[in-house]
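Good morning, colleagues, and thank you for the time on today's agenda. I would ask you to look at the sequence and the structure together while I speak.

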Amino acid sequence: MPDYTLLARQLEALLDTRDWLTNTAQTCAFIVQEVADLNWAGFYLQRQPETLILGPFQGKPACNPIPFDKGVCGAAARSRQTQRVDDVHGIADHIACDAASRAELVVPIIVGERIWGVLDLDSPRAARFSVDDQAGIERLVEVFIDASDFDRER
Ligand code: SME
């Protein structure tokens, strides 16, 4: 497992603009570089009511849009709780963008009272994400939120 405390410090240093768009792109590129065994990492943004649209990502072209009542991403947005899935084949309404994906971690991004979006990570390795990975990635999302201004154009 990576040293997430170190990664959080490195991400803080990397995110040297307040622009959320630049920061989404840098954050998913950084995660793919530093966290092993990922086949997709990216953001879905809440720009329409109860709907997520695809934002900056690293990986294959992905599904878009995702309503709040569908998939693992929708569950994270709806419940505002991180979704950690060991095997997506066991999730009835999992949205398969890439047949190679087995494990998934989706962290909601809450800005003020609003669900702003989610960070979605996919892995081809079942049970890739431990509880400690979840805590580490949630910490990276906090760094992203603290480094970004969201009051400009969404
Ligand atoms: N698997 C996700 C859809 C997004 S892709 O994994 C990039 C889901 O079920 O919400």
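This is a predicted model: local features need pLDDT of at least 70, side-chain atom pairs count only at pLDDT 80 or more; totals for chains, interfaces and linings use all residues.

Let us take the ligand. How many residues surround the ligand? There are 13, and the closest are Val72, Cys73, Ile95, Cys97 and Asp122. By class, this shell divides into eight nonpolar, two polar and three charged residues.

A polar backbone atom of Val72 is 3.0 Å from an oxygen atom of the ligand. For Ile95, again a polar backbone atom is concerned, and here a nitrogen atom of the ligand is 2.8 Å away. With Asp120 the side chain takes part: one of its polar atoms lies 3.3 Å from an oxygen atom of the ligand. As for accessible area, the ligand has 310 Å² on its own, and the protein covers 99% of this.

Which elements give two or more residues to the shell around the ligand? They are strand E1, residues 40-48, helix H3, residues 71-79, and strand E6, residues 114-123. Of the shell, the largest share comes from H3, with three residues.

I now move to the sheet. It is open and has six strands, in the order E3-E2-E1-E6-E5-E4, and the pairing is antiparallel. Strand E3, residues 66-67, and strand E4, residues 83-85, stand at the edges; each has a single partner strand, so one side of each lacks a neighbour in the sheet. In general, strands of a sheet pair through backbone hydrogen bonds, which may be parallel or antiparallel in arrangement.

Strand E2, residues 51-59, pairs with E3 in the antiparallel sense over two bridges. Thr51 has Pro67 in E3 as its bridge partner.

Finally, two points in the loops. Pro65 is found in the loop between E2 and E3, and the peptide bond that joins Asn64 and Pro65 is cis, with omega at about -10°. Glu50 lies in the loop between E1 and E2. This residue, which is not glycine, has a positive phi, near 55°.

That concludes my presentation.

Definitions and conventions: Residues are numbered from 1 along each chain as its sequence is written. Side-chain values use heavy atoms; hydrogens and water are left out. A residue is near a molecule or strand if one of its heavy atoms lies within 4 Å of it. A polar contact is a pair of N or O atoms within 3.5 Å; within protein, one must be able to donate a hydrogen and the other to accept it, and residues adjacent in sequence count only if both atoms are side-chain atoms. Accessible areas come from the Shrake-Rupley method with a 1.4 Å probe; for residues, only the protein chains shown count as cover. Helices (H or I, at least four residues) and strands (E, at least two) are DSSP runs, numbered from the N terminus. Ala, Val, Leu, Ile, Met, Phe, Trp, Tyr, Cys and Pro count as nonpolar, Asp, Glu, Lys and Arg as charged, and the others, Gly among them, as polar. Two strands pair if DSSP finds at least two bridges between them.
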